[in-house]
Amino acid sequence: MTSTLAVNGGEPVRSTPFPAWPTADSADEAALLDVLRSGKWGSTHGDLVARFEREFAQYQHARFGVCVCNGTLALAAALRAVGVGLGDEVVVPPYTFIASAAAVTFVGAIPVFADIDPDTHLLDPQAVEAVISERTKAVMPVHIAGRPCDMDAFAELGRRHGVAIIEDSAQAHGAEWKGRRVGALGDVGTFSFQTSKNVSAGEGGIVVTNDEALADRLYSIANVGRVRGGGWYEHQHLGYNLRLTEFQAALLFGQLRRHPEQQARRATNAALLRRLLADVDGVWLPPEDPAVTAHGWHLFLLRLPGIGGRKHAFVRALAAEGIPCSAGYDGLHRNKALNDEIATIVKRLDVPWKEPHLPVADRLVSDTIWLPQPTLLGTEEDIHDIATAITKVLAHVDEL
Ligand SMILES: *Cc1c(COP(=O)(O)O)cnc(C)c1O
């Protein structure tokens, strides 16, 4: 390919936009107006949030769901519900959104990093094993990109060490491990309905579990310590107000109704993109795993092993060709705010702390990029454009 890169003044591969996200239809408009006119704007008066909790829990093969205001506080609520508190350790992956580890510090606990699997970018159960201590209270597998973690290994590890397994499923709506949907494969799981997520209400989240006592604790944590059926000023526990509004629930029904069809399209397009990129020099694709019976496709993730420190330049060049893309996470173990907070907790509580050793994460953050999920919602032609643009930028990588 001889054409000049768009970033250097050439013609872009594509100038038409990819599908918009989130999606809405006239039924969503009517549902929002219904809530508006009903005067029941909050879940303390309406019943849409409670109905959506049941519907979403069922969708994820879980018995119970408690809606909360976002995926970040869903994690804090889940951590509190399983009893994580001051000075406890929670094992988290370094390759995830900052909320996964920040939520651990919100309950006064210490995030302990364990390395990721080089094939999947996901928390490696064997690496977790190596950092478990007598202070470990929970382990947080994060289903990054929508690809489920090895939930057989984590469930077994949880039982053997007597630690809670909290699935951060913010990117994994509908994702399945061996035919079972994620969220309640461990003790408790959290989802996000933030704008970019595959099921969206602008903001929002939910915590799911199969454990009724845990579901009741979550309800109380999300409802200022009230208990189901209890009085308005009867606060048996201390809790936050994490409630979702009825407006958000009204939107979520339509989002969930469209989700299976959108997932099918993402999966078909992802498979096509994998075929088109399979033989492109300089592209590495995560190997498929038959245990992943449904990928959540929040991100299409790929590595550029020869990119040598020019990942950000590559992403700028690919974006200039008209392809939405991201350089992704830098590794949470390198985040100063998080490290400062961990150091403060460790110092105040005078507990031991070991510098994390994360060679796989360090290698993978340097060359991993991703495409956001709406790019997988378009036509076959859109997918061909993505492959063409990636191939073009790789062919001109020396000019970046
Ligand atoms: C989006 C996300 C969250 C946080 O969800 P919010 O609703 O944005 O607070 C947590 N973990 C992961 C992995 C996410 O992608």
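V7 lies in the segment before helix α1 (26-38). Helices here are DSSP runs of H or I with at least four residues, numbered from the N terminus. The model is predicted: local features need pLDDT of at least 70, side-chain atom pairs count only at pLDDT 80 or more, and totals for chains, interfaces and linings use all residues. Residues are numbered from 1 along each chain as its sequence is written, and side-chain values use heavy atoms, with hydrogens and water left out.

V7 is partly exposed, with a relative accessible area of 40%. The scale is this: buried means under 20% relative accessible area, exposed means over 50%, and partly exposed falls in between (1.4 Å probe, protein chains only). V7 touches R316, A317, A320 and L400, not counting residues up to four places away in sequence. Contact means heavy atoms within 4.5 Å. From V7 to Y95 there are 88 residues in sequence and 29 Å in space, C-alpha to C-alpha.

Next come the cores. A nonpolar core is a set of buried Ala, Val, Leu, Ile, Met, Phe, Trp, Tyr and Cys residues joined through side-chain atoms within 4.5 Å. In soluble globular proteins, nonpolar side chains tend to be buried together.

| Core | Residues in core | Some members |
|---|---|---|
| Largest nonpolar core | 94 residues | L79, V128 and V139, with the most contacts inside it |
| Another core, apart from it | 32 residues | among them L5, L285, F300 and A327 |

V128 touches V91, A114, L123, V139, F154 and L157, leaving out residues up to four places away in sequence.

Helix α3 is mostly covered, with eight of its eleven residues buried. Among the buried ones are G71, A74, L75 and L79. Just after α3, G83 takes a positive phi of about 95°.

Now for a helix pair. Helix α8 (residues 246-277) packs against helix α12 (residues 380-395) at an angle of about 35°, and their axes are 10 Å apart. Axes are lines fitted to C-alpha atoms over the stretch in contact, and angles run from 0 to 180 degrees between N-to-C directions. In α8, the residues N269, L272, L273, L276 and L277 meet E380, I383, H384, I386, A387 and I390 in α12. The residues of this contact divide into eight nonpolar, two polar and one charged. Ala, Val, Leu, Ile, Met, Phe, Trp, Tyr, Cys and Pro count as nonpolar, Asp, Glu, Lys and Arg as charged, and the others, Gly among them, as polar.

Note on methods. Helix = DSSP H or I, 4+ residues; strand = E, 2+ residues; numbered from the N terminus.
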